[in-house]
Amino acid sequence: MTGSRPLVSVICPTYNRSEAIVRTLDSVRNQSVTDWELLVMSDGSTDDTEDWVRAAAHEDRRIRLVRTARHGHPSGPRNEGLALARGAYVAYIDHDDVWRENHLAVVLSLFEEGGELVATGFECRNRNDEVTSVSDAFGLCWHPELQVLGPVFEPSRVAHRAGLAERVGGWRAGYGLEDWDLWLRLADAGSVFTTAQDRTTELFDDPGTRRFATPLRHRLPVASFDDPRHAQAVLRELQDGRHDAAFRAAAAADTRAWFARLRTTAEFTTPRGWDTDPDANLDANLDAAITKAAADAPSPWPDLVLVPEKGRFVVAQRLWCSTAEHAARVVELTHRTQREQFALVEDIVRETTGSPAVPAGSGAR
């Protein structure tokens, strides 16, 4: 490796990936931008992963293998990589993802336009190399409230100016969703995501990955009951499916009202090009995207549970976030922005039990 400072430091945490890591390494080596260093942070690998990385580093001095003590979590290796990074910018790539050859070029163009925290589009592929999903412009819109409610932007899609992550405490270990946690802390500190529609990353989509194994430990209360029979009846009604069309319509109405408000704020961003095309209209684009998202959405209540709590019986939605503090923010914002959907819940409770709905409270569980 040369002594000159690289433009981009790429951090890749890995554990027991073996020869499969070569595909990820090659995707970095094949970038049209060549001024980078790749820090492969081996989290105490016990197989031959490090041999494959050493072989690649022997061929390309921009690659550096760093063996860490076993953390059992990618946050530790990423933090150690940040401490060693010399680039003006930091990009991340997970050991089972790959970049298309224009990834760093797109990322750097977003920095040149003034971005400090940037993300690109993606294509998900499974073990058979079949495309399972792709990003769209609507999913690349950003606002701090969107960051609260959704785990947007996997690490392999994200880059930031050097020093940005360390200012908010770096990566934190936990039982999952450490990327969401970091992006949320950056948003709370005033950072804004700049995004591009370009699908520059291929993400590995497989039930065996850590993201799919994240336990759902927190809940959003939907309705509360004194009588467990009423709670069971409403739970069955919500899960029945016959109200799904009404909930999708309510969700679309809520989202339109929400985005209309977000658009009046300085923090709201859309992916590069989506709002500057002279032949396009952002309002029309957003309306069409919201309609499509509502129509394509899975069951409105995919993870409903019934839990006894303080002598009552609560129908609740399990939440996919990592801390109780974050869950409380999700609950507050959800109740504030999804008024039509909760009004529909109240109607269903009344029709099912013959009694008015009892508020489930605003606290996360």
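Is S109 buried or exposed? In this predicted model, S109 is buried, its relative accessible area being 17%. The points below set out this site first and then turn to other parts of the chain.

**Site of S109**

- S109 belongs to helix α4, which covers residues 103-112.
- A relative accessible area of 17% falls under the 20% cut-off, so S109 counts as buried.
- From its side chain, S109 reaches the backbone oxygen of V106 at a distance of 2.6 Å.

**Helix α12**

- Helix α12 comprises 15 residues, numbered 339-353.
- From the first C-alpha to the last, α12 reaches 21 Å, which is close to the 21 Å expected at 1.5 Å a residue.
- Its buried residues are Q341, F342, L344, V345, I348, V349 and T353.
- Viewed down the axis of α12, these buried residues fall within an arc of 150°, and therefore they line one face of the helix.
- The packing partners of the buried residues of α12 are β10 (218-225), α8 (228-239), α9 (244-262) and α11 (324-337).
- R339 and E351, on the other side of α12, are exposed.

**Cysteines**

- A disulfide is a covalent bond between the sulfur atoms of two cysteines.
- Zero disulfides are found when the whole structure is searched.
- For C124, the closest cysteine sulfur is that of C12, at 17 Å; this is too far for a bond.
- C124 is buried, with a relative accessible area of 10%.
- C141 is likewise in no disulfide, since the nearest cysteine sulfur, in C124, lies 18 Å away.
- C141 is buried, with a relative accessible area of 4%.

**Overall fold**

- The chain contains twelve helices and twelve strands.
- A compact globule of 365 residues would have a radius of gyration near 21 Å, and the 22 Å of the chain agrees with this.
- Along the principal axes, the C-alpha atoms fill a box of roughly 75 × 50 × 40 Å.
- Of the 365 residues in the chain, 50% are buried.
- Considering contacts between residues at least 6 apart in sequence, 81% join residues at least 24 apart.

Methods:
Residues numbered from 1 in each chain as written. Predicted model: local features only at pLDDT ≥ 70, side-chain atom pairs only at ≥ 80, totals over all residues. Heavy atoms only, no water. Helix = DSSP H or I, 4+ residues; strand = E, 2+ residues; numbered from the N terminus. Expected span 1.5 Å × (residues − 1). Buried < 20%, exposed > 50% of the residue type's maximum accessible area, 1.4 Å probe, protein only. Arc of directions from axis to C-beta. Contact = heavy atoms within 4.5 Å. Polar contact = N/O pair within 3.5 Å; in protein donor to acceptor, adjacent residues only side chain to side chain. Disulfide = S-S within 2.5 Å. Rg over C-alpha atoms; globule rule 2.2 N^0.38 Å.
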